[in-house]
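Subject: Handover of a structure

Dear colleague,

Please find the sequence and the structure below. A short account of what was found in the structure follows.

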Amino acid sequence: MTTETTDIRRKLILFGCFLVTAFTLVPVVMMVLVAFQSDAESMAAKPSFWPSSWHPENLTRAFDLVPLGKYLLNTVYFAGGTTIIETVTAALAAYAFARLNFPGRSWLFGIYLATLMIPSQVTLIPQFVLVAKLHGIDTWPGMILPHAFTAIGVFLLRQFFLGIPRDYEEAARLDGANRWQAFVRVIIPLAVPAIATLAVFKFIGQWNNLLWPLVISNSDATRTASVGLQVFQDTNGTQWNLLLMAATVTTIPLIVLFFLTQRWFVRGITMSGLGGR
Amino acid sequence: MAVDTAPAVTAPAPSHQSSNPTPRWRSREALTAWLFILPSLIGFLIFTAGPVVAAGVISLLNWNLFSSPTWAGLHNFARLGPDPTFWSALGNTAYFTLVSVPLTIAVSLALALLLNHGVRRIAIFRSLLLLPYATITVAVAFVWIWLYIPHDGLVNAVLGWFGINGPTWLISDNWAMPALIQMSVWKSFGFGMVVFLAGLQAIPQQLYEAGRVDGTSPWNSFRHITLPMLSPALFFVIVTSVIGSFQVFDQALIMTNGGPGTRTTTLVMYIYRTGFENYDQGYAAAQSLVLFAFIVVITAGQFLFQRRLVHYDN
């Protein structure tokens, strides 16, 4: 009796999940469907939902209208550059804050902590002024450096390093390893999950970043996909099929990355509240 | 190398710290520490901590980037009082936060409760439901403009099935903000869902079994077991969601550009306009500090409130 009722219950729950998920995914599905509609169909006064004819050539047309490939590559540079610099420098600093004694350690860490709560809009104007004064507008250093040294990375990795038993490192030290070797051979391998979590969140966050590229980038040389889409809208009106094709193309890499790194993504959300937007 | 010369500096003074028998080692350790920290510290001071201080200074200046700045004192803050756009932006941001945060949390919690049934094949739905959270805000904002097309758009077509004559959404004075809120709930519920799901899975099953023995109704076990046990996660999601909502920008810029009029102009959008369309950097910096002050006060208020409502196990 119980197996039968639990089986019905299981099917009902899965059916409920299916309904909710289908409803939730409507915008994503529509993005892809409209992307394949003909010009006339997608711009008709009465929008149609299922394409009456499929137009895969919209993909190449979207790439011809705006340099989407270049924008995507720029986004990889921007998100990748900030992620690599932040992860490497934060891991080094976090190790020192977690394990090494030096005068001023606690007040220095206090300064890092104090900036954690400050919203990025507060630093937006000064960072822009600084980059402008250094002639960094529309350059890669100007795009990347101001967003590569936030306190959150140092804070998270320090927390993680503190949780690694000191004995592991002491053993390596007794074998003659210096601090650097202990860090590279013992701490880093143990901290891979935490470092990967930080990297995934930083990368996805910067892939999404609109405001900073919007003010710093003013040509195709550094324009990212987010800003590129906005330009696309301005210059091409509401040519829905091509606009949503461009939107699909810029979203897919992120969705693929999300599915590949989901384990770390979920861990990052639950452990630290990264990306609490 | 430099490491070898360092101990000589502190070696002559071992007397005042008898508890520390290896001052040579300590100063060598300090040097190592600085080598580890410097790459991060230099960048942090220039690009994060420095700009925070600079924001305070710039807010006291009249400055448009092109001419040299002049001292303004607190004038930029005084300008906020009679500025109708600022008050409108503040009101819109408060409206957005007050509606979107409870809605997002309700949706997140409902879905987490649904997904918490430990049945086979349910993990795939968790992944798919997280998808909106993993999309690019700008890209999906365009789809939502399309969904909200007045008259025959998908949203209004569906409302039409139920005999409801849908509003003109993004171009309507009263419905533009609800439209943005609806999109934002869709975009961000995944975050809370994951946190709640982790929280639910940490609740010991014995509590529910004890309740079942006592004949507790499902509602009562939710009210007296689930909610208290989940309250730390709830608090955490509320705090982060409120902070995030106060910074809403991307979808408002793309979907309504702050309109109609200033109906959906948010605080961050107004900062952006002031700083990068009017080039009034001093005033924009002052606005950003006011935004920060609001976030600090609200977050502090939530922490005070938390003592009464959040149940911490142990």
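I begin with residues 128-149 of chain B, a span that is 59% helix and 0% strand, with its end C-alpha atoms 26 Å apart. Please bear in mind throughout that this is a predicted model.

The span is one of several that carry a database label. The unreviewed UniProt entry annotates residues 33-61, 94-116, 128-149, 185-204, 225-249 and 283-305 of chain B as "transmembrane region". Another of these spans, residues 94-116 of chain B, is 96% helix and 0% strand. The end C-alpha atoms of residues 94-116 are 32 Å apart.

Chain B is divided into two domains: domain 1 covers residues 2-58, and domain 2 covers residues 80-309. Between the C-alpha centres of domain 1 and domain 2 of chain B there is a distance of 43 Å.

How confident is the prediction? The model has an ipTM of 0.88 and a pTM of 0.88. For chain B the mean pLDDT is 87, with 91% of the residues at 70 or more. Within chain B, helix α5 (residues 84-115) has the highest confidence, at a mean of 95, whereas helix α1 (residues 2-5) has the lowest, at 37. Over residues 1-20 of chain B, pLDDT stays under 50, and the model has 16 contacts beyond four places in sequence for these residues. Kindly read that stretch with caution.

I turn now to chain A, which has 15 helices and zero strands. Its radius of gyration is 24 Å, well over the 19 Å that the globule rule gives for 277 residues, so chain A is more spread out than a compact globule. Along the principal axes, the C-alpha atoms of chain A fill a box of roughly 75 × 70 × 30 Å. Of the 277 residues in chain A, 44% are buried. Among the contacts in chain A with a separation of 6 or more, 73% join residues 24 or more positions apart.

Yours sincerely,

A colleague

Note on methods
Residues numbered from 1 in each chain as written. Chains lettered and ligands numbered in written order. Predicted model: local features only at pLDDT ≥ 70, side-chain atom pairs only at ≥ 80, totals over all residues. pLDDT = per-residue confidence, 0-100. Helix = DSSP H or I, 4+ residues; strand = E, 2+ residues; numbered from the N terminus. Contact = placed C-beta atoms within 7 Å. Domains from an automatic or database assignment. Rg over C-alpha atoms; globule rule 2.2 N^0.38 Å. Buried ≥ 20, exposed ≤ 12 C-beta atoms within 10 Å, placed from the backbone. UniProt positions renumbered as here; feature names shortened; annotations may be inferred.
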